[in-house]
Amino acid sequence: MNELGNWLLEFTDNPLHVVCVALVVFVLGLIFVWFDLVAFYTKLIVQSFRRNIVRSTLTSLAIMVMVLVVTLVWSVLNLLDRVTSEKSKDFKAIITERWQIPSQMPYSYVSGLARGGARSETDLVPMDSMSWTFYGGTIDPVNRTRENIIFFFAMDPAKMITILRDEKGNPLRDTDGKILFSTMMDDLDQATEAELLDLDRACREMELDPSKVVLGYDKLESLKKKVGERISVTSLNNYKGVDLDVEIIGMFPRGRYDSSAIINVKYILNGLDAWKQKNGKPHPMAEKCLNLMWLKVPDTQAFRQIAEQVEESPEFKSPAVKVETASNGIANFLDGYKDFLWAMRWLLVPAILATMVLVIANAISISVRERRTEMAVLKVLGFSPSQIMILILGEAIFIGVVSGLLSSTIAYVAINARGGLKFPIAFFPTFLIPLEALSWGLIVGGMTSLLGSILPAWSARSVKVAEVFAKTT
Amino acid sequence: MIEIIELILTVASLFLGLAFVVAVILALTGRFERWWSQLLYPMIGLHYATVMWSAFFQLKLEAIDLLWACPVFFVFLMLLYVLVVSVPISIGLLGILILQLLGILKRVPFQYNLRNLLVRWKTNSLTAVAFILVVALLTVMLAFVNGMYELTSKSGIAENVFVLADGATDELFSNLGYGDIKEIALQPGVARDENNEPLVSWELYCVASQPILYRTCPKCKEVVPIARFGRQLEQHGSPPCSGSGLKITDSRDRRLLQVRGIEDPLKTSMVHNMQLKAGTWFSQAGVQSLSDSDSAEQAIQAVIGDGLSRELGPDAGKRALEVGDTFDLGPRKWMVVGILNSSGTTYDSEIWAKFQLVGQQFGKPTYTTAVLRSTDVETARTLADYLKKEYKKPAVMAQLETAYFASLNTTNQQFLIGIVVVMLIMAIGSAFGVMNTMFAAIAQRTKDIGVLRILGYTRWQVLTSFFMEALLLAVVGGGIGILLGSLSHGLTATSNIASGPGGGKSVVIKLVVDQYVLMTGAGFSLFMGCVGGLIPALSAIRLKPLESLR
């Protein structure tokens with residue numbers, strides 16, 4: 001019940017949702033009041049649809065394939081918009097090296113940054129933190145290919161997921177029976193209970209034995225490995241001489257982390273120490289092995305204060321660091337693709353929508369031309385011009401809405417079942433089709449059909465009975 | 001051999017295309033005599049068969065890549081359809097038309113179809129506009145990918161050997177500081193300059209983060225600072241400008257700039273064949289005072305790419321930065337002393353400065369890259385092989401510079417696959433639209449078909465005539481679409497090119513519409529016409545003359 005309440009609160013946060021619900025209620029109200037009339041028109045519309053099955057099917061197929069493209073494009077843009085839009089509470093800050101990428105900071109920064117640079121009791125401390133060290137290696141150093149290269153996020157496994165447990169070790173649950181857990185990773189709340197428990201088990205094993213790792217589905221596929229197998233990873237370049245011999249003990253839930261790999265950072269740090277003992281000097285990466293620090297902050301005010309604490313702290317001056325919101329950091333990283341994304345949003349989608357309008361306008365105008373006699377008969381039977389216009393508009397909208405909804409539903413089911421749309425942009429390898437795509441199909445199909453059928457419907461409205469029957473033999 | 005055939009076909013298709021346009025104009029304005037109508041349709045068939053074959057020679061290379069890269073066979077099947085169905089149909093039609101021209105076969109009633117297209121101009125126009133939109137969009141998108149390919153192909157020099165640290169997938173992750181790397185300059189095969197010095201460019205490549213601290217106020221057009229967190233314009237002007245406190249809608253608050261530290265600018269310019277468009281190379285010291293005062297701040301001298309000068313210009317309230325202008329990067333000021341004549345290469349988006357100063361700024365004391373100029377291409381290949389397989393002091397990753405830039409095409413391939421898939425889906429959608437039009441045309445003209453059959457036209461002649469009607473619609477719509485899409489030629493866009501995850505380069509791309517893009521557009525419109533026209537045309541031949549007249 002509580003969950004439903006939260007969902008309703010979140011849903012009504014968006015004014016568009018409220019408007020849509022109001023519209024649906026309004027339409028349902030109209031249907032209820034004029035049920036007989038609506039049923040009559042619906043019957044006529046369905047009959048019109050069945051009159052020329054070939055044309056209706058072709059128009060429907062055209063709408064379906066075009067809605068499919070719109071759904072794919074908007075799914076990509078939707079995720080990118082979501083991750084780059086600023087939140088007002090419970091968001092994350094990213095700390096990276098100030099002046100260059102890839103960011104390379106000394107690992108000694110971790111404890112200070114985890115405190116948010118707090119130096120006095122009045123300073124704010126973040127709610128939680130997570131450090132990332134990037135390690136690139138290959139399982140086949142002789143023939144390196146994209147498939148056998150693996151990039152690890154080296155981190156504290158407890159930050160990936162920690163299921164809260166009682167004294168007996170049983171998972172704690174909320175009032176709705178859902179497992180309670182803490183995580184610094186995004187989107188893990190979408191995983192099933194079994195997946196969460198398995199990931200938690202893997203993380204606890206990784207803490208006890210740093211040579212154990214967790215990989216995503218796609219990475220396992222490309223490496224041709226399974227959970228339970230061991231792999232030897234040779235460093236690509238930066239961590240030269242720090243090679244890994246690890247056991248795969250778990251897999252991420254399908255989706256966002258399909259191409260990811262995680263290892264306990266202690267394994268890398270131990271490797272750097274061993275390199276120093278062997279070579280008598282620190283490894284070139286010894287003072288550069290912290291790539292990124294995540295902080296969880298409660299609100300914008302806290303973010304600003306912590307950002308000032310960190311950026312002004314003398315602790316973090318060599319090299320200097322910068323603090324930004326996660327959404328801002330990702331937006332800046334995606335800047336290289338801004339023209340491409342602009343073209344997808346403002347060239348491709350409008351062109352598809354315009355093509356849909358044209359295809360529908362064409363089909364409906366052919367239909368109207370062929371049925372002028374029928375329109376004239378309807379007029380003789382007492383139908384007003386407006387009623388004839390509604391009939392034509394209704395037929396077009398019926399085709400558009402049904403085809404659009406069908407297309408987006410197929411896209412949602414089929415593409416998500418295959419693990420999402422694979423279109424790598426920056427560090428987003430796959431894009432899932434969101435549930436709201438179903439409403440896109442419905443709205444896009446309905447609106448383009450309405451726009452495309454206005455002129456033909458107007459022409460049907462002005463059919464002159466005398467002229468039509470004069471030509472009829 | 002293939003290149004010669006391709007060239008002949010390309011030139012032939014362009015000439016025939018021109019002749020075709022003239023013939024269509026004459027046909028539409030009703031000025032042609034009877035023999036023109038005989039010439040018009042063979043032209044269409046010949047033109048498109050030629051175009052398809054030229055596109056095939058170009059596409060076959062990409063088709064192989066697509067087969068490797070694409071997870072589904074959808075694209076392959078579509079290409080197969082184009083090659084197995086569309087091309088033979090076009091060639092078959094061409095053969096029929098030639099036979100008809102020679103008088104061996106009876107005429108097909110094309111005049112009738114042409115008149116019908118003009119009579120039903122409203123419906124046909126809607127279909128043609130859909131064609132125009134799809135093909136214009138395809139042309140623009142292919143021009144974008146083509147621009148990316150052109151950029152990577154122009155940036156490499158065949159005689160250069162590109163050396164990174166062993167295991168590095170990109171310059172950004174390379175570190176040549178593990179041994180006495182300078183020895184590789186002494187390898188046999190490395191060319192020498194007039195002073196008998198090895199022609200080697202030692203480089204430190206890094207990507208710098210530059211905060212965007214100023215924006216042009218839309219109200220007063222002055223360049224004003226922005227607030228640190230508020231993402232709005234600071235208060236400015238006296239009396240205060242109404243643009244003070246204005247929200248910044250552009251989400252970006254910093255940009256990533258590519259900085260290349262080099263030791264000897266003259267040698268590097270020789271290795272990369274890069275000339276200055278304006279100004280001079282940086283001095284031996286690599287710095288200069290910002291004013292005449294002894295205590296004045298020392299700015300780092302920088303030579304920047306032409307594209308980058310335009311990118312940074314608006315920060316200073318200019319169209320482009322010029323020699324003598326300064327900009328902030330890291331804790332220091334940088335002064336532009338030269339502009340590279342780098343248009344169309346990846347260096348167009350780079351800053352070149354003295355190696356030691358760049359190293360100090362970004363905490364990278366070692367080289368990331370060495371580019372060796374060899375005496376000729378064959379020597380370069382031998383040298384690259386030797387360095388990659390035999391040289392171990394330290395081990396390096398050596399390859400031809402052209403191969404390195406070709407490896408950056410991974411992003412291009414991803415974009416190309418995405419574009420082809422999207423456009424194929426759109427083409428199928430549009431083909432359904434054509435089918436609708438043609439089915440309606442046939443349904444309305446059932447009696448006409450009956451009359452034609454009674455007049456002695458055979459089934460295949462009716463099929464050919466209706467099929468050509470759909471093709472003509474596709475040709476006109478597609479042709480206009482290609483023309484509109486071609487207007488994007490020369491436009492610039494920012495994008496990333498990379499050889500894999502991470503790394504990569506942010507580059508300024510010039511959209512390129514060449515004959516292959518035009519041919520692919522033409523092939524696509526033909527494909528849509530074929531798919532949309534064939535099934536309705538087949539339904540037309542199933543009609544029985546007497547039944548259709550009833």
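Select B:Gln361 to begin, and show everything around it: beyond its neighbours within four places in sequence, B:Gln361 is in contact with B:Ile300, B:Leu329, B:Gly330, B:Pro331, B:Arg332 and B:Trp334. Keep in mind as you look that this is a predicted model. Now colour helix 8 of chain B, residues 355-362, and you will find B:Gln361 in it. Is B:Gln361 buried or exposed? Its relative accessibility is 15%, and buried means under 20%, so B:Gln361 counts as buried.

Next, go to B:Arg254. B:Arg254 belongs to strand 5 of chain B. With a relative accessible area of 9%, B:Arg254 is buried too.

Show the contacts of B:Arg254 and you will see residues from both chains. Leaving out residues up to four places away in sequence, B:Arg254 touches A:Lys322, A:Glu324, A:Gly329 and A:Asn332 on chain A, along with B:Ser209, B:Gln210, B:Pro211 and B:Ile212 on its own chain.

Chain A puts 62 residues into the contact and chain B puts in 69 residues. Between them the two chains bury about 5700 Å², and 62% of this area lies on carbon and sulfur atoms.

Which side chains meet in a salt bridge here? Pick A:Arg144 and B:Asp166, and check the N to O distance of 3.8 Å. For polar contacts, the count between chain B and chain A is six residue pairs, both residues being at pLDDT 80 or more.

Now hide chain A and look at the side of chain B that touches it. At least two residues each come from helix 5 (121-155), strand 2 (200-211), strand 5 (254-262), helix 11 (410-444) and strand 14 (492-497). Helix 11 of chain B gives the most, with 19 residues. Colour this side of chain B by class and you get 37 nonpolar, 25 polar and seven charged residues.

For the last stop, bring chain A back and select its strand 2, residues 100-101. This strand pairs with strand 2 of chain B in the antiparallel sense, over two bridges. Which residue of strand 2 of chain B stands opposite A:Ile101? Zoom in on B:Val207, which has that place.

Terms used
Residues numbered from 1 in each chain as written. Chains lettered and ligands numbered in written order. Predicted model: local features only at pLDDT ≥ 70, side-chain atom pairs only at ≥ 80, totals over all residues. Heavy atoms only, no water. Contact = heavy atoms within 4.5 Å. Buried area = accessible area lost by both parts, 1.4 Å probe. Salt bridge = Lys/Arg side-chain N within 4 Å of Asp/Glu carboxyl O. Polar contact = N/O pair within 3.5 Å; in protein donor to acceptor, adjacent residues only side chain to side chain. Helix = DSSP H or I, 4+ residues; strand = E, 2+ residues; numbered from the N terminus. Nonpolar A, V, L, I, M, F, W, Y, C, P; charged D, E, K, R; others polar. Pairing = 2+ DSSP bridges. Buried < 20%, exposed > 50% of the residue type's maximum accessible area, 1.4 Å probe, protein only.
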